[in-house]
Amino acid sequence: MLAKARTCAVVGLDGYIVEVEVDISPGLPAFNVVGLPDTAVQEARERVRAAIRNSGCEFPLRRITVNLAPADMRKAGPSYDLPMAVGILVSSGQVSDSPDSAVFLGELSLDGGLRHTSGILPMVSIARVRELTTAFVPAVDAREAALVEGIEVIPTNSLGDLVSHLRGETRIAPVPFEDIRVADIGDAPAGPDLSHVKGQEHAKRALEVAAAGGHNLLLTGPPGTGKTLLARAMPSILPGMTPQESLEVTKIYSVSGLLPSDKPLILQRPFRSPHYTISNAGLVGGGRLPRPGEITLSHRGVLFLDELPEFGHTALETLRQPMEDKVVTISRAGGTVTFPANFALIGAMNPCPCGFFNHPTRECVCAPSQVARYQKRISGPLLDRIDIFVEVPPVEYEKLMGQDSEETSSQVRLRVERAREIQRRRFRGTPFICNAEMGPAEVWKLCRMEENARSLLQAAMKQLDLSARAFHRILKLSLTIADLAGSDTIGIVHLAEALQYRQRRQT
Ligand SMILES: Nc1ncnc2c1ncn2[C@@H]1O[C@H](COP(=O)(O)OP(=O)(O)OP(=O)(O)O)[C@@H](O)[C@H]1O
Ligand SMILES: [Mg+2]
């Protein structure tokens, strides 16, 4: 007898409906899976066999053929275990019928229990889009599935429980929809508070501007002045995410298997700081079946590259395209996928190999050619994409020991939120979230300047020999500074501040 059960697959970040067809026919006992299964799917046979037996059901000793349709799409991962088991139980008459409008998702353990499965959120989302009414998911992932409105989520602990439910013996209660609009933001972000950093007011202001508008920033300075400390304080001043942003980020983490099961919704902006030994695929994404890299895991948040010149040349160059397009497209034999990669870059570096070039009191021991070579590791095009260059000088003893209370992150964050609120109103009805995302058309339309600012900009363009990109970036940065000041036009002070961030001390 032929039976069907529906499930979902994830390619990139998108879910697809997959039909699992099970046919049991007379003949020598066999269990074959067709329809482009990968190794994990092939191995499902062993798990399904044991799980059915250990759930008090009978594994049919006949010829079982499982087809995963559409057959031209590669199937990966262990999430096909549950629909296969359901198909076999229906096909062998142990369960009368499986609901037509349901999806079954989950990996089985040998005792019939359901394990955590990655990618539940995108899979349940697509089931909802295709107007399926019920999703059977592992109980540990039920809260993640319940983020999707309009579909009944049945938390399933084991195959045995599911069989009782389908037979109508013991019904499992669905979990209620988790309304993310009322979600609690939870704990304060991890990492240091801005008040732990003594002095460095200029750098702190730059961080505030970067957080308010989503701009890219580079911190340069001698060793031990607080560059890493400053960057790590960034999460504490980043603005909250809208429900839409939260869902986008949660989908990425769900597919990557990085979602904490106790908090299925990510409410804080991501902050990723990969080490410089990371591979290119780890940074931008890749693999036979492409998976998100660090730039996608930083989507809607911050990618912090500490010791920037130590990152390989190709690694840094691969960032150029996603920094401009806000997405990254990866082509592999397994298919082409596009991942979102809308992040703000924060870099930190020393000015030279010894670290003391331009130091006020210590002498740099590097040859000029060494300094030049070191600084050249970061290419011109990448530097052109950086909006804010900040020098982080040594902190004086008085400042370090001083009792002056520094401004706390929550105070700074209040201003950042206020500036973001202005941007939210500005970009209502557009796909943009913050100033840094504007395209040339929006820059022309939305960056209104006062007359004296206009003439300063003209002079600066000539004197600093700015590229067209730099010109647009300065305007966007000035708009953020104006937003922080609560002004609806760009005044000369806002533009002047933006211009001084663009200047990098050269050798
Ligand atoms: N401005 C500061 N206020 C308070 N503590 C500081 C400051 N700067 C540095 N420190 C102390 O020094 C330690 C090292 O700072 P940090 O790692 O940020 O330096 P860095 O600038 O990143 O140096 P490197 O160039 O070597 O990476 C910090 O953990 C902190 O204890
Ligand atoms: Mg450091």
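A residue is taken to be near a molecule if one of its heavy atoms lies within 4 Å of it. The legends below describe close-up views of a predicted model.

**Figure 1. The residues around ligand 1 in the predicted model.** Ligand 1 is surrounded by 15 residues. The closest of these are Lys 198, Gly 224, Lys 227, Thr 228 and Asn 350. By residue type, the shell consists of 7 polar, 5 nonpolar and 3 charged residues. Helix H7, which spans residues 227-232, supplies the largest share of the shell, with 3 residues.

**Figure 2. Polar atoms of the protein beside ligand 1.** A nitrogen atom of ligand 1 lies 2.8 Å from a backbone N or O atom of Lys 198. In the side chain of Lys 227, an N or O atom is 2.8 Å from an oxygen atom of the ligand. Glu 307 places a polar side-chain atom 3.3 Å from an oxygen atom of ligand 1. The ligand taken alone exposes 630 Å², and the protein buries 66% of that area.

**Figure 3. Ser 109 and its surroundings.** Ser 109 belongs to the loop that runs between strand E6 (107-108) and strand E7 (114-115). Its relative accessible area is 10%, and Ser 109 is therefore classed as buried, the cut-off being under 20%. The side chain of Ser 109 forms a polar contact of 2.5 Å with the side chain of Asp 111. When neighbours within four places in sequence are left aside, Ser 109 is in contact with Ala 51 and Arg 115.

Conventions
Residues numbered from 1 in each chain as written. Chains lettered and ligands numbered in written order. Predicted model: local features only at pLDDT ≥ 70, side-chain atom pairs only at ≥ 80, totals over all residues. Heavy atoms only, no water. Helix = DSSP H or I, 4+ residues; strand = E, 2+ residues; numbered from the N terminus. Buried < 20%, exposed > 50% of the residue type's maximum accessible area, 1.4 Å probe, protein only. Polar contact = N/O pair within 3.5 Å; in protein donor to acceptor, adjacent residues only side chain to side chain. Contact = heavy atoms within 4.5 Å. Areas by Shrake-Rupley, 256 points an atom, 1.4 Å probe, with all protein chains shown as cover. Nonpolar A, V, L, I, M, F, W, Y, C, P; charged D, E, K, R; others polar.
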